[in-house]
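Visitor: I would like to learn how to read the overall build of a chain. Where do we start?

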Amino acid sequence: MVADPITIAAVLQGSFPLWTVYAVVTYFVAFMLCIGGVFLWWARHRKERPPEKFKLLRAPGETQRRRVQRADENLFFYFFGGAFLPLLVGCVVLLGARYLPVRLVLVGAALAVFSFLASTFCSVVVLFRFLRRRRDDLLGFLGERAVAEYLEPLLAQGFRIFHDVPAEGRKKNFNIDHVVVGPTGVSVIETKTRRKKRGRLGREEYVVKFDGQRLVWPWGEDRCGIDQLQSETEWLREFIHKRTGLRVNPKAILALPGWYVTEGVVGAFRVANHKLVPTIVREWNPQPITPEQIDLISRQLDERCRDVED
(Lines give C-alpha, C1' and ligand atoms only; values in the text may rest on other atoms or scores of the structure.)
Protein backbone atom coordinates (compact mmCIF):
# COMPACT_ATOMS: atom_id res chain seq x y z
CA MET A 1 0.00 0.00 0.00
CA VAL A 2 1.44 3.37 -1.06
CA ALA A 3 0.95 6.33 1.27
CA ASP A 4 -0.93 9.31 -0.07
CA PRO A 5 1.58 12.11 -0.85
CA ILE A 6 -0.97 14.68 0.30
CA THR A 7 -1.23 12.99 3.70
CA ILE A 8 2.57 12.92 4.09
CA ALA A 9 2.75 16.56 3.03
CA ALA A 10 0.15 17.44 5.63
CA VAL A 11 2.23 15.69 8.33
CA LEU A 12 5.48 17.33 7.24
CA GLN A 13 3.90 20.74 6.95
CA GLY A 14 2.16 20.51 10.29
CA SER A 15 2.74 23.01 13.02
CA PHE A 16 5.99 21.81 14.64
CA PRO A 17 6.97 23.65 17.85
CA LEU A 18 10.57 24.42 16.91
CA TRP A 19 10.87 26.80 19.84
CA THR A 20 10.91 23.78 22.18
CA VAL A 21 14.06 22.47 20.47
CA TYR A 22 15.75 25.85 20.79
CA ALA A 23 14.67 26.08 24.41
CA VAL A 24 16.17 22.68 25.29
CA VAL A 25 19.47 23.45 23.55
CA THR A 26 19.64 26.87 25.22
CA TYR A 27 18.98 25.28 28.61
CA PHE A 28 21.82 22.77 28.28
CA VAL A 29 24.30 25.39 27.05
CA ALA A 30 23.31 27.87 29.76
CA PHE A 31 23.51 25.17 32.44
CA MET A 32 27.07 24.14 31.47
CA LEU A 33 28.28 27.73 31.17
CA CYS A 34 26.74 28.86 34.44
CA ILE A 35 27.94 25.89 36.52
CA GLY A 36 31.41 26.00 34.96
CA GLY A 37 31.68 29.74 35.53
CA VAL A 38 30.51 29.53 39.14
CA PHE A 39 32.98 26.74 39.90
CA LEU A 40 35.91 28.65 38.35
CA TRP A 41 34.95 31.77 40.30
CA TRP A 42 34.71 29.74 43.52
CA ALA A 43 38.06 28.00 42.98
CA ARG A 44 39.85 31.28 42.15
CA HIS A 45 38.52 33.12 45.17
CA ARG A 46 39.50 30.31 47.53
CA LYS A 47 43.12 31.36 46.96
CA GLU A 48 44.34 27.81 47.53
CA ARG A 49 47.32 26.18 45.86
CA PRO A 50 49.09 22.81 46.02
CA PRO A 51 51.80 22.52 48.68
CA GLU A 52 54.31 21.83 45.90
CA LYS A 53 54.37 21.80 42.12
CA PHE A 54 54.72 18.06 41.73
CA LYS A 55 56.65 16.61 38.82
CA LEU A 56 56.70 12.85 39.21
CA LEU A 57 58.50 10.16 37.27
CA ARG A 58 56.55 8.43 34.55
CA ALA A 59 54.95 5.18 35.63
CA PRO A 60 54.95 2.00 33.52
CA GLY A 61 52.66 2.48 30.53
CA GLU A 62 52.16 6.18 31.24
CA THR A 63 51.29 7.01 27.63
CA GLN A 64 48.84 4.11 27.41
CA ARG A 65 47.32 5.09 30.76
CA ARG A 66 46.67 8.62 29.54
CA ARG A 67 45.03 7.31 26.38
CA VAL A 68 42.76 5.00 28.36
CA GLN A 69 41.92 7.84 30.75
CA ARG A 70 41.00 10.17 27.88
CA ALA A 71 38.92 7.42 26.32
CA ASP A 72 37.03 6.86 29.57
CA GLU A 73 36.41 10.60 29.86
CA ASN A 74 35.02 10.72 26.31
CA LEU A 75 33.13 7.43 26.46
CA PHE A 76 29.74 9.02 27.24
CA PHE A 77 30.08 11.59 24.46
CA TYR A 78 30.96 8.94 21.88
CA PHE A 79 27.95 6.80 22.82
CA PHE A 80 25.61 9.78 23.16
CA GLY A 81 26.85 11.36 19.93
CA GLY A 82 26.68 8.05 18.09
CA ALA A 83 23.05 7.60 19.10
CA PHE A 84 21.95 11.26 18.82
CA LEU A 85 23.66 12.36 15.60
CA PRO A 86 21.68 10.08 13.22
CA LEU A 87 18.43 11.28 14.78
CA LEU A 88 19.49 14.89 14.42
CA VAL A 89 20.51 14.45 10.78
CA GLY A 90 17.32 12.59 9.95
CA CYS A 91 15.13 15.21 11.64
CA VAL A 92 16.91 18.11 9.93
CA VAL A 93 16.43 16.53 6.50
CA LEU A 94 12.83 15.69 7.33
CA LEU A 95 12.12 19.24 8.40
CA GLY A 96 13.71 20.51 5.22
CA ALA A 97 11.40 18.27 3.23
CA ARG A 98 8.47 20.37 4.48
CA TYR A 99 9.36 23.03 1.95
CA LEU A 100 9.43 20.68 -1.05
CA PRO A 101 6.57 20.62 -3.55
CA VAL A 102 3.90 18.00 -2.89
CA ARG A 103 5.12 15.77 -5.72
CA LEU A 104 8.57 15.55 -4.11
CA VAL A 105 7.42 14.78 -0.60
CA LEU A 106 8.13 11.06 -0.97
CA VAL A 107 11.61 11.89 -2.29
CA GLY A 108 12.25 14.07 0.77
CA ALA A 109 11.06 11.33 3.11
CA ALA A 110 13.28 8.78 1.39
CA LEU A 111 16.23 11.17 1.59
CA ALA A 112 15.62 11.59 5.33
CA VAL A 113 15.62 7.80 5.83
CA PHE A 114 18.79 7.46 3.76
CA SER A 115 20.49 10.24 5.73
CA PHE A 116 19.54 8.56 8.98
CA LEU A 117 20.90 5.18 7.88
CA ALA A 118 24.11 6.67 6.43
CA SER A 119 24.85 8.72 9.54
CA THR A 120 24.08 5.69 11.71
CA PHE A 121 26.62 3.64 9.76
CA CYS A 122 29.27 6.37 10.10
CA SER A 123 28.57 6.73 13.82
CA VAL A 124 28.89 3.00 14.38
CA VAL A 125 32.21 2.89 12.50
CA VAL A 126 33.64 5.78 14.54
CA LEU A 127 32.39 4.29 17.81
CA PHE A 128 33.77 0.85 16.94
CA ARG A 129 37.20 2.30 16.16
CA PHE A 130 37.14 4.27 19.41
CA LEU A 131 36.27 1.19 21.48
CA ARG A 132 38.84 -0.94 19.68
CA ARG A 133 41.57 1.64 20.30
CA ARG A 134 40.70 1.80 23.99
CA ARG A 135 40.74 -2.00 24.19
CA ASP A 136 44.18 -2.17 22.59
CA ASP A 137 45.55 0.67 24.74
CA LEU A 138 44.36 -1.05 27.91
CA LEU A 139 46.03 -4.31 26.85
CA GLY A 140 49.26 -2.44 26.07
CA PHE A 141 49.12 -0.71 29.45
CA LEU A 142 48.71 -4.03 31.29
CA GLY A 143 51.57 -5.57 29.29
CA GLU A 144 53.96 -2.76 30.22
CA ARG A 145 52.88 -3.06 33.86
CA ALA A 146 53.62 -6.78 33.77
CA VAL A 147 57.15 -6.18 32.43
CA ALA A 148 57.74 -3.46 35.03
CA GLU A 149 56.76 -5.77 37.88
CA TYR A 150 59.36 -8.33 36.82
CA LEU A 151 61.99 -5.62 36.48
CA GLU A 152 61.33 -4.33 40.00
CA PRO A 153 63.72 -6.76 41.82
CA LEU A 154 66.63 -5.30 39.82
CA LEU A 155 66.43 -2.16 41.95
CA ALA A 156 67.91 -4.05 44.90
CA GLN A 157 70.85 -5.11 42.72
CA GLY A 158 72.02 -1.61 41.87
CA PHE A 159 69.96 -0.99 38.74
CA ARG A 160 67.90 2.10 37.93
CA ILE A 161 64.68 1.71 35.95
CA PHE A 162 62.89 4.34 33.86
CA HIS A 163 59.53 3.83 32.18
CA ASP A 164 57.89 5.41 29.16
CA VAL A 165 60.90 7.56 28.33
CA PRO A 166 59.89 10.36 25.90
CA ALA A 167 62.03 10.66 22.78
CA GLU A 168 62.06 12.70 19.57
CA GLY A 169 62.11 11.07 16.16
CA ARG A 170 62.69 12.47 12.70
CA LYS A 171 59.01 12.32 11.79
CA LYS A 172 57.23 12.08 15.14
CA ASN A 173 57.89 11.71 18.84
CA PHE A 174 57.77 8.34 20.54
CA ASN A 175 58.33 6.66 23.90
CA ILE A 176 60.71 3.93 25.03
CA ASP A 177 58.76 1.53 27.22
CA HIS A 178 61.58 0.72 29.67
CA VAL A 179 65.23 1.73 30.10
CA VAL A 180 67.38 -0.09 32.68
CA VAL A 181 70.74 1.31 33.78
CA GLY A 182 72.97 -0.81 35.99
CA PRO A 183 76.27 -2.61 36.58
CA THR A 184 75.90 -4.74 33.43
CA GLY A 185 75.16 -1.78 31.15
CA VAL A 186 72.17 -0.01 29.66
CA SER A 187 69.15 -1.93 28.33
CA VAL A 188 66.28 -0.82 26.10
CA ILE A 189 63.09 -2.86 26.45
CA GLU A 190 60.21 -2.56 24.02
CA THR A 191 56.99 -4.32 25.05
CA LYS A 192 54.51 -5.71 22.54
CA THR A 193 51.38 -7.27 24.03
CA ARG A 194 49.38 -9.18 21.44
CA ARG A 195 46.27 -11.28 21.88
CA LYS A 196 46.33 -14.98 21.19
CA LYS A 197 43.98 -16.28 18.55
CA ARG A 198 43.42 -19.30 16.36
CA GLY A 199 46.51 -20.15 14.35
CA ARG A 200 47.25 -22.08 11.21
CA LEU A 201 46.94 -25.84 11.12
CA GLY A 202 49.73 -27.48 13.10
CA ARG A 203 50.78 -24.27 14.90
CA GLU A 204 50.55 -24.00 18.66
CA GLU A 205 48.51 -20.94 19.62
CA TYR A 206 50.82 -19.83 22.44
CA VAL A 207 54.24 -20.11 20.74
CA VAL A 208 56.05 -17.39 18.77
CA LYS A 209 59.42 -17.98 17.16
CA PHE A 210 62.10 -15.48 16.19
CA ASP A 211 64.01 -16.65 13.10
CA GLY A 212 66.58 -13.85 13.09
CA GLN A 213 64.56 -11.54 10.86
CA ARG A 214 60.91 -11.94 11.68
CA LEU A 215 58.54 -13.04 14.39
CA VAL A 216 56.68 -16.20 13.40
CA TRP A 217 53.26 -16.09 15.06
CA PRO A 218 50.71 -18.93 14.95
CA TRP A 219 48.80 -17.03 12.24
CA GLY A 220 51.63 -15.46 10.22
CA GLU A 221 54.95 -13.62 10.19
CA ASP A 222 55.84 -9.95 10.73
CA ARG A 223 58.45 -7.65 12.26
CA CYS A 224 56.20 -6.29 14.99
CA GLY A 225 58.32 -4.10 17.25
CA ILE A 226 61.70 -5.06 15.75
CA ASP A 227 62.31 -1.95 13.66
CA GLN A 228 60.90 0.20 16.46
CA LEU A 229 63.29 -1.39 18.98
CA GLN A 230 66.29 -0.77 16.76
CA SER A 231 65.33 2.89 16.29
CA GLU A 232 64.85 3.36 20.03
CA THR A 233 68.23 1.78 20.79
CA GLU A 234 69.97 4.08 18.31
CA TRP A 235 68.21 7.13 19.74
CA LEU A 236 69.21 6.25 23.31
CA ARG A 237 72.82 5.66 22.27
CA GLU A 238 73.01 9.14 20.76
CA PHE A 239 71.12 10.72 23.66
CA ILE A 240 73.55 9.33 26.24
CA HIS A 241 76.55 10.42 24.19
CA LYS A 242 75.25 13.97 23.73
CA ARG A 243 74.28 14.41 27.37
CA THR A 244 77.21 12.65 29.07
CA GLY A 245 79.95 12.12 26.51
CA LEU A 246 79.88 8.40 27.27
CA ARG A 247 80.00 5.82 24.50
CA VAL A 248 77.66 2.99 25.49
CA ASN A 249 76.01 0.36 23.36
CA PRO A 250 72.53 -0.28 24.85
CA LYS A 251 71.27 -3.84 24.88
CA ALA A 252 68.00 -4.21 22.97
CA ILE A 253 65.26 -6.52 24.25
CA LEU A 254 61.83 -7.16 22.76
CA ALA A 255 59.44 -8.39 25.47
CA LEU A 256 56.33 -10.38 24.50
CA PRO A 257 54.22 -10.79 27.66
CA GLY A 258 52.23 -13.99 27.87
CA TRP A 259 53.93 -15.76 24.95
CA TYR A 260 56.25 -18.75 24.90
CA VAL A 261 59.15 -17.41 22.84
CA THR A 262 61.76 -19.50 21.02
CA GLU A 263 64.81 -17.83 19.50
CA GLY A 264 66.20 -19.58 16.46
CA VAL A 265 68.94 -16.95 16.28
CA VAL A 266 70.45 -14.73 18.97
CA GLY A 267 71.83 -11.63 17.29
CA ALA A 268 72.02 -7.93 18.04
CA PHE A 269 68.90 -8.05 20.20
CA ARG A 270 66.87 -10.54 22.19
CA VAL A 271 63.22 -11.58 22.02
CA ALA A 272 61.77 -13.10 25.17
CA ASN A 273 58.83 -13.64 27.46
CA HIS A 274 58.56 -10.85 30.01
CA LYS A 275 59.52 -13.18 32.88
CA LEU A 276 62.97 -13.74 31.35
CA VAL A 277 63.76 -10.08 30.73
CA PRO A 278 65.48 -9.45 34.12
CA THR A 279 67.81 -12.41 33.54
CA ILE A 280 68.73 -11.10 30.10
CA VAL A 281 69.38 -7.63 31.53
CA ARG A 282 71.74 -9.08 34.15
CA GLU A 283 73.54 -11.82 32.24
CA TRP A 284 73.36 -11.33 28.46
CA ASN A 285 76.20 -9.43 26.76
CA PRO A 286 77.36 -7.57 29.90
CA GLN A 287 78.96 -4.17 29.35
CA PRO A 288 80.07 -3.10 32.82
CA ILE A 289 79.82 0.56 33.76
CA THR A 290 80.93 2.26 36.96
CA PRO A 291 78.61 3.55 39.70
CA GLU A 292 79.56 7.10 38.68
CA GLN A 293 78.53 6.40 35.08
CA ILE A 294 75.28 4.81 36.26
CA ASP A 295 74.51 7.93 38.28
CA LEU A 296 75.41 10.27 35.41
CA ILE A 297 73.20 8.46 32.88
CA SER A 298 70.38 8.05 35.39
CA ARG A 299 70.29 11.76 36.18
CA GLN A 300 69.77 12.58 32.50
CA LEU A 301 66.94 10.06 32.18
CA ASP A 302 65.40 11.18 35.46
CA GLU A 303 65.23 14.75 34.22
CA ARG A 304 63.59 13.60 31.00
CA CYS A 305 61.00 11.36 32.63
CA ARG A 306 59.95 13.67 35.49
CA ASP A 307 57.00 15.38 33.84
CA VAL A 308 53.88 13.87 35.40
CA GLU A 309 51.74 16.62 36.93
CA ASP A 310 48.24 15.16 36.73
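Guide: Start with contacts, meaning heavy atoms within 4.5 Å. In the protein chain, take contacts between residues at least 6 apart in sequence: 67% of them join residues at least 24 apart. This is a predicted model: local features need pLDDT of at least 70, side-chain atom pairs count only at pLDDT 80 or more, and totals for chains, interfaces and linings use all residues. Residues are numbered from 1 along each chain as its sequence is written, and side-chain values use heavy atoms, without hydrogens and water.

Visitor: How many helices and strands are there in the protein chain?

Guide: Both are DSSP runs, numbered from the N terminus: helices are H or I, at least four residues; strands are E, at least two. The protein chain has 7 helices and 11 strands. Its radius of gyration is 29 Å, well over the 19 Å from the globule rule for 310 residues, so the chain is more spread out than a compact globule. That radius is taken over C-alpha atoms, and the rule is 2.2 Å times the number of residues to the power 0.38. Along the principal axes, the C-alpha atoms fill a box of roughly 90 × 65 × 30 Å.

Visitor: What percentage of the residues of the protein chain count as buried?

Guide: Buried means under 20% relative accessible area (1.4 Å probe, protein chains only). Of the 310 residues, 35% qualify.

Technical notes: Buried < 20%, exposed > 50% of the residue type's maximum accessible area, 1.4 Å probe, protein only.
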